[in-house]
Amino acid sequence: MRIIITENKLDRVISKWLSKNYSKMDIYDHDNQPWHLYVDKNGEVIFLYQNNDKELYVAKSVIKFLYNIFSIDEKQIQSICGNWFEEHKGLKTYKTLSWNFDEDWKKVVRWETKKRLVN
């Protein structure tokens, strides 16, 4: 059996999933860099927002997860994530891309957490 979901409903389903999983994230800025990291409760970097260019980078793990469930292309998922981010975080995004946040980004989060605890 094949289920057809309209694009509008699909956007709403993905937006609800993003809200459920990522509405409450810690925000880190690193030594006055023009970007902010949005980190989930497990310490994973989910979004990186660049203030200067208003670019949003979404974790590849999120893109891959949504692709595996809904079988829609990466550009469409990026667009939905960008719209969700604008609506829920109140920050304009001109471009949304995907990014593989590796161990180096986790080190930044650990460093920033350590600095917060010290201050």
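1. W17 has 22% relative accessibility, so it goes down as partly exposed; the cut-off for buried is under 20%. Keep in mind that this is a predicted model.

2. What sort of aromatic pair do W17 and F65 form? They are stacked, with 5.1 Å centre to centre and 20 degrees between the planes. W17 sits in helix α1 (residues 7–22) and F65 in helix α2 (residues 60–70), so this pair ties together parts that are 48 residues apart in sequence. F65 is also partly exposed, since its relative accessibility is 38%.

3. Another stacked pair is F47 with W84: here the rings are 5.8 Å centre to centre, with 25 degrees between the planes. This one links distant parts of the chain too, with F47 in strand β3 (residues 45–50) and W84 in helix α3 (residues 74–89), 37 residues apart. Are these two buried or exposed? F47 has 0% relative accessibility and therefore counts as buried. W84, at 1%, counts as buried as well.

4. Stepping back to the rings in general, a search of the whole structure turns up eight aromatic pairs. Ring pairs join W17, Y22, Y38, F47, Y49, F65, W84 and F85 into a cluster, so both pairs discussed above belong to a network of rings that meets the pairing cut-off of 6.5 Å between centres.

5. With 16 residues, α3 reaches 21 Å from its first C-alpha to its last, close to the 22 Å expected at 1.5 Å a residue. Its buried residues are I77, Q78, I80, C81, G82, W84 and F85. W84 and F85 from that list are also members of the ring cluster.

6. Which elements do the buried residues of α3 pack against? The partners are α1, α2 and the strands β2 (35–39), β3, β4 (55–59) and β5 (95–99).

7. As for the overall layout, the protein chain has four helices and five strands, and along the sequence they run α-β-β-β-β-α-α-β-α. Take the contacts between residues at least 6 apart in sequence: 55% of them join residues at least 24 apart.

8. Finally, some totals for the protein chain. Of its 119 residues, 35% are buried. The accessible surface is about 8,000 Å², and carbon and sulfur atoms account for 49% of that.

Technical notes: Residues are numbered from 1 along each chain as its sequence is written. This is a predicted model: local features need pLDDT of at least 70, side-chain atom pairs count only at pLDDT 80 or more; totals for chains, interfaces and linings use all residues. Side-chain values use heavy atoms; hydrogens and water are left out. Rings of Phe, Tyr and Trp (its six-membered ring) pair if their centres lie within 6.5 Å; planes under 30 degrees apart count as stacked, over 60 as edge-to-face and the rest as tilted. Helices (H or I, at least four residues) and strands (E, at least two) are DSSP runs, numbered from the N terminus. Buried means under 20% relative accessible area, exposed over 50%, partly exposed in between (1.4 Å probe, protein chains only). The expected span of a helix is 1.5 Å times one less than its number of residues. Contact means heavy atoms within 4.5 Å. Accessible areas come from the Shrake-Rupley method with a 1.4 Å probe; for residues, only the protein chains shown count as cover.
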